[in-house]
Structures are given as C-alpha cells and as structure tokens.
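Please read this briefing alongside the sequence and the coordinates.

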Amino acid sequence: MSSTTTTTTTGLQPMTAETILRLFPDIDTNNDVLSGYDEEQIRLMDEVCIVTDENDAPVGKASKKTCHLMTNINKGLLHRAFSVFLFNDKNELLLQQRASEKITFPDMWTNTCCSHPLAVSGETGSTLPDAVEGAKRAAQRKLNHELGIKKEQVPMEKFRFLTRIHYKAPSDGKWGEHEVDYILFIKANVDLEPNENEVQATQYVSADKLKQLFGNPSLKFTPWFKLICNSMLFEWWEHLDEGLEKYTNEQEIRRML
C-alpha cells in the first residue's frame, strides 16, 4: 500500500451527467442490467453519486447503477463513498450483514454502514473540509435508512474523520466498487431498527472477536472492510479513547489498488 498526496483542484467542471458523457463517451448506461433484482434496490440504483478524479476532485455525477457496473469501472469511472465504524461504550464495533436483496456484495458482513454521499445540496464538496461535512451528513442519512438509527443519536460533531482510501473491488462479473472512501468513526450508544431490505443481521464485536470471525471460512466479508482491517483498523481501535487525534484528518489518500 502506498499513499499519494492529494492536490487542490480549481476550475472544476460543473457536476452534471453530461460532463460524465464527455469524459467517458463509451460509458455503459444499459438499464436492462437491472432486470430480475429486488424492486426497492433497483429504485436505489437511480441515486446520483459524485464522480471524482483520482485526487477526489468532483468532475460530475452519475447514477449509482452507472458507477457500479464493472464495464464502467474498468474504463476508470470513480466515485465518492463513506464507511462508518460505530462503537458502543464498551468499544465494541457494530457490524452488519448485508441483505440478500442487495445488488452488490449481498449477504456479506461489513462495518456499520457503507454508502455514498449524493450529488445533492449538503453532501457534495470540492474542498476536503466541505467533502468531510457532506460525508457526515450522508452517514446520518444512511444510518437511519439502513439501521433505523435516529439522527439525534449520531450528531455531526461526534463523527471523526480519519482518512480516505482509494480501492477497486469486483462483486461479481457485472457489478463492483471503485471508490474514494471516507473513513468515519463515531462512539455512541444507539437504538437499532434494521431495514430488512438492507440489513439481515447485526452484531457488536470486540477486536479479538472480529479477528476470530475472520478465521471462520463460512463467513464472507466485503473487500473494503477487509482492506481497512488488514491495514489500520485495529491500530485505530486501540486508540479510540486516547490518542486517536494523531490519526484523524489525514490529508493524503491511501491507495489500496
């Protein structure tokens, strides 16, 4: 793994779908690829993600479906994402198992919440501070949507931004991920009402318990979660209550390609 310093980009192109068509003229926009999937998950594929360059500067927007097709990922299409790691007062991490209805990475265990800031007011940002704020707002939205966690239980000021990772991972032959992923930690005791169309199971784990789960061949984990765990998660976890500041607000993007 190597890290590459990000640079500030000025004169950004307007965030439009037309921009993406200019940047990727042979992009795949075929709607037939969604045939046969869960209706609610198909609807969510219309959400509009923030398309970025490799330095995380927004260059346009495209549907979630467009961003997650491997045909487009292999042409270089990259979008912004976030991953929330929520800990309770025992410093246990909340995991979720993705629902079978999910189009990408169904049935896999992963961190508390993984999703995307959308190309909507309040969730975008061309500077890192603005983009972090947008990721935190998106995290509140998705924690509620996926797990029923009320916004009041995860206030913006309690989220801590650590770093960004740039990674690429196939889900199957058709779908995959290619993201600049914002890593957010939060320590909060929350009430859960999981959305069964999104989440089929949850559990809190200690660091030792998580390592044991990784040794269970019957369990499958999302690739981004495994990348984060195999690099920095357990070190960050040890400093959750003291010393985490030295790991927060990292300006560089960690390349995990």
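The points below are grouped by topic.

This is a predicted model, in which local features need pLDDT of at least 70 and side-chain atom pairs count only at pLDDT 80 or more, while totals for chains, interfaces and linings use all residues. Residues are numbered from 1 along each chain as its sequence is written, and side-chain values use heavy atoms, with hydrogens and water left out.

**Confidence**

- The average pLDDT of the chain (the predictor's confidence in each residue, from 0 to 100) is 92, and 93% of the residues score at least 70.
- Over residues 1-14 pLDDT stays under 50, and for this stretch the model has 32 contacts (heavy atoms within 4.5 Å) beyond four places in sequence.
- Where pLDDT is low, the predicted coordinates should not be read in detail.

- A cavity is taken here, on a 1 Å grid over the protein atoms alone, as a set of points where a 1.4 Å probe fits but cannot get out, and lining residues have an atom within 4 Å of a point.
- Grid points are joined across faces, edges and corners, and a volume is the space filled by probe spheres set on the points.
- By this rule the model has one cavity of 30 Å³ or more, and the largest cavity has a volume of about 190 Å³.
- The largest cavity is lined by 21 residues, of which Arg98, Thr104, Cys114, His116 and Glu177 are the closest to its centre.
- At least two lining residues each come from helix H3 (64-68), strand S4 (79-87), strand S7 (113-115), helix H5 (128-147) and strand S9 (176-187), where helices (H or I, at least four residues) and strands (E, at least two) are DSSP runs numbered from the N terminus.
- The lining divides into seven nonpolar, six polar and eight charged residues, with Ala, Val, Leu, Ile, Met, Phe, Trp, Tyr, Cys and Pro counted as nonpolar, Asp, Glu, Lys and Arg as charged, and the others, Gly among them, as polar.

**Cysteines**

- The structure holds zero disulfides (pairs of cysteine sulfur atoms within 2.5 Å).
- Cys49 is in no disulfide, and the nearest cysteine sulfur, in Cys67, lies 4.6 Å away; Cys49 is also buried (under 20% relative accessible area, with exposed meaning over 50% and partly exposed in between, for a 1.4 Å probe and protein chains only), at 1% relative accessibility.
- For Cys114, the closest cysteine sulfur is that of Cys113 at 6.4 Å, too far for a bond, and Cys114 is buried with a relative accessible area of 12%.

**Loop between S5 and S6**

- Ala99 sits in the loop between strand S5 (93-98) and strand S6 (109-110), is buried at 0% relative accessibility, and touches Pro106, Asp107, Glu196, Asn197, Glu198, Val199 and Gln200 when residues up to four places away in sequence are not counted.
- Phe105 belongs to the loop between S5 and S6, is buried at 1% relative accessibility, and has a positive phi near 50° in a residue other than glycine.

**Other loop residues**

- Asn91, in the loop between S4 and S5, likewise has a positive phi, near 60°, in a residue other than glycine.
- Glu193, in the loop between S9 and strand S10 (199-205), is exposed at 59% relative accessibility.
- Leaving aside neighbours within four places in sequence, Glu193 is in contact with Leu147 and Gly148, and the C-alpha atoms of Glu193 and Leu147 are 5.4 Å apart in space although the two are 46 residues apart in sequence.

Methods: On a 1 Å grid over the protein atoms alone, a cavity is a set of points where a 1.4 Å probe fits but cannot get out, and a pocket is an open set with protein on both sides within 12 Å along at least five of seven lines; lining residues have an atom within 4 Å of a point.
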